[in-house]
Amino acid sequence: MTPAFIFVFPSVLNGRIFDRFDYHLGTAYLRAYLATNSISSVQFTGGANYPIGRIVARILAFNADMVGFSVYDATSLIFRRLSVEVSRPSPWAPLVC
């Protein structure tokens, strides 16, 4: 089943080094709310030791209708880069941050 949303949370180690994609409590609340309304979602997780193109391909492979990013000051540069790359193949697809 193709999810309606995929949530992406770039995590940083020691507040400065891009480390991985992790779970986020706020996203868990959003996903629970969506599930109560029969809207499917997934949380993108895993290591970040890949080229940006491979990470983007893994995100896009879910074919979700929307991509949601959890963004903080420390992850804003990562978000900007990922959002540009994720939007490239389908610029009309909404991104939520």
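Biologist: Phe9 first. Buried or exposed?

Modeller: This is a predicted model, to be clear. Phe9 is buried, with a relative accessible area of 12%.

Biologist: How many aromatic pairs does the structure hold?

Modeller: Five. In one of them, Phe9 pairs edge-to-face with Tyr72, at 5.9 Å centre to centre and 70 degrees between the planes. Phe9 sits in the loop between S1 and S2, and Tyr72 in the loop between S6 and H3, so the pair ties together parts 63 residues apart in sequence.

Biologist: And Tyr72, what is its relative accessible area?

Modeller: 45%, so Tyr72 counts as partly exposed.

Biologist: What about Phe44 and Phe62, how are they arranged?

Modeller: Edge-to-face, 6.5 Å centre to centre, with 85 degrees between the planes. Phe44 is in strand S4 and Phe62 in the loop between H2 and S6, so this pair links parts 18 residues apart in sequence. Phe44 is buried at 3%. Phe62 is partly exposed at 32%. Phe21, Phe44 and Phe62 form one aromatic cluster.

Biologist: Switching to H3. Which of its residues are buried?

Modeller: Ile78, Phe79, Leu82, Ser83, Val86 and Ser87. They lie on the same side of H3, because they cover an arc of only 145 degrees around the axis. On the other side, Leu77 and Arg80 are exposed.

How values were computed. Residues numbered from 1 in each chain as written. Predicted model: local features only at pLDDT ≥ 70, side-chain atom pairs only at ≥ 80, totals over all residues. Heavy atoms only, no water. Buried < 20%, exposed > 50% of the residue type's maximum accessible area, 1.4 Å probe, protein only. Helix = DSSP H or I, 4+ residues; strand = E, 2+ residues; numbered from the N terminus. Arc of directions from axis to C-beta. Phe/Tyr/Trp six-rings, centres within 6.5 Å; stacked < 30°, edge-to-face > 60°.
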